[in-house]
Amino acid sequence: MKASLLSSLLLPAVASARFIEANEADRILPYIDALLDNVPPSSTEKFLVELSPGDTRYVTEDEKWELRRAGQRFMDITEHRDLGALRTSSSRPTPIFPKKVKLQSEIKPLLANLSKTEIQAHLEKFTSFHTRYYKSDYGRQSSEWLLQTVQNTIKEAGADEFGVKAEHFKHSWGQHSIVATIPGKSKSTVVIGAHQDSINLWLPSILPAPGADDDGSGTVTILEAFRVLLSSDDVIKGNAPNTIEFHWYSAEEGGLLGSQAIFSEYEKQGRDVKAMLQQDMTGFVQKTIDSGKPESVGVITDYVDAGLTAFIKKVIEEYCDIPWVETKCGYACSDHASASKAGYPSAFVIESTFGDSDDHIHGTEDLIKYLSFDHMLQHAKMTLGLVYELGFTDFKALESSEIGEL
């Protein structure tokens, strides 16, 4: 057992730098002798993973991490093989989104209240856990801290008096997802998401995984947007046409497990999700700057809803101080894929082009010192602008007007 693990740690990185740092093995070798005695025995349990639509295979958990180290993303569909079944058996109208933004007078004053200080303080605490690996007790502790922080945010805004709430969406592995709900005039829902777990792909249950960028940055970015959104009386008093939810998913690194569980339940309940935006990695810009490119918001264009993505570009143009840039990330690259598979319009934004994104992730060096809080603030502006615009969109009227123009 020790020999095989040591061999795997000494293997050269076969992935792009985005997934494994070339010198990661050198950094962790001093830990090996002491740590390997504590490594749990390898399990022979098999999991069904989907590497692309229809491309599935059974793998062990160790083989899951081998796939990730090689840069291969996947959905672990073992428990949710029927996700999307209702979508394929029933027809849904093509999603329609506004042609332009229109709530500048309400949104721009809110943007001024977004705080880098709040973002930094939350991220410093969130990265202080040894790891946020979803099967670890640290992962459980970090999720409990995050839920308490979200609930405190609601209470401090006085929003709990109007039915705004945050709860754990419970999972069998211990680290629970979190769903914060701001009731609107209808059950139609706009979702903003990020994943709360982190991972060290060498020895997930043992080695540190601070996860500052992946996805601590996304977690605190949407938390700050949530905090400022609750300063709107119209929002907390339920005057928005749509319900608004903020999600912090568990076990994204294990194959989108938390988000699959949530959207599987939503699909079975017949929930009407109008839009879902995922924020995964919002703080790293150094490679972009070093390459002489303009600092930008990376807008994913593959495996996403084209209409929602086009509207997000308009939101960035109106409410951010930096431009957008198109990029691709492949199948199942973050939790928006679970929403898409369930039949809901989803989109994904990231800190840069995929090629210029953070190369410290999934190891011990995913640290705050490499990140830009100014850049996270731009993502918070985009998040706040989007959720307010869509939260106050009358989708029924929009759909009727589109039909009338046909």
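Modeller: Two strands pair if DSSP finds at least two bridges between them. Keep in mind that this is a predicted model.

Biologist: Which residue in β2 is the bridge partner of Ser52?

Modeller: β1 and β2 pair over five bridges, in the antiparallel sense. One of the residues bridged to β2 is Ser52. Its partner there is Asp55.

Biologist: Which residue meets Lys341 in a salt bridge?

Modeller: Side chains of opposite charge can pair when their charged atoms come close. Here the N to O distance is 3.0 Å. Lys341 is in helix α13 (residues 336–341), and its partner, 291 residues apart from it, is in strand β1 (residues 47–52). That partner is Glu50.

Biologist: Which strands stand at the edges of the open sheet of eight strands?

Modeller: The order is β4-β5-β7-β6-β8-β11-β9-β10, with mixed pairing. An edge strand here has a single partner strand, so one of its sides is left without a neighbour in the sheet. The edge strands are β4 (165–169) and β10 (324–327).

Biologist: Which residue in β10 stands opposite Val299?

Modeller: Strand β9 (residues 297–300) and β10 run parallel. Four bridges join them. Opposite Val299 stands Glu326.

Biologist: At what angle does helix α10 run to β7?

Modeller: Helix α10 covers residues 257–269. It lies across β4, β5, β6, β7 and β8. Its angle to β7 (243–249) is about 150°.

Biologist: Is α8 parallel, perpendicular or oblique to α14?

Modeller: Helix α8 (residues 212–229) and helix α14 (residues 373–391) pack with their axes 9 Å apart, at an angle of about 50°. Roughly parallel needs an angle under 35 degrees, and roughly perpendicular needs 65 to 115. So α8 is oblique to α14.

Biologist: How many nonpolar residues does the contact of α8 with α14 have?

Modeller: From α8 come residues including Val220, Ile222 and Leu229. They meet α14 residues, among them Met376, Leu384 and Val387. The contact has no charged residues and four polar ones; its nonpolar residues number ten.

Key:
Residues are numbered from 1 along each chain as its sequence is written. This is a predicted model: local features need pLDDT of at least 70, side-chain atom pairs count only at pLDDT 80 or more; totals for chains, interfaces and linings use all residues. Side-chain values use heavy atoms; hydrogens and water are left out. Axes are lines fitted to C-alpha atoms, for helices over the stretch in contact, and angles run from 0 to 180 degrees between N-to-C directions. Helices (H or I, at least four residues) and strands (E, at least two) are DSSP runs, numbered from the N terminus. Angles under 35 degrees count as roughly parallel, over 145 as roughly antiparallel, 65 to 115 as roughly perpendicular and the rest as oblique. Contact means heavy atoms within 4.5 Å. Ala, Val, Leu, Ile, Met, Phe, Trp, Tyr, Cys and Pro count as nonpolar, Asp, Glu, Lys and Arg as charged, and the others, Gly among them, as polar. A salt bridge is a side-chain nitrogen of Lys or Arg within 4 Å of a carboxyl oxygen of Asp or Glu.
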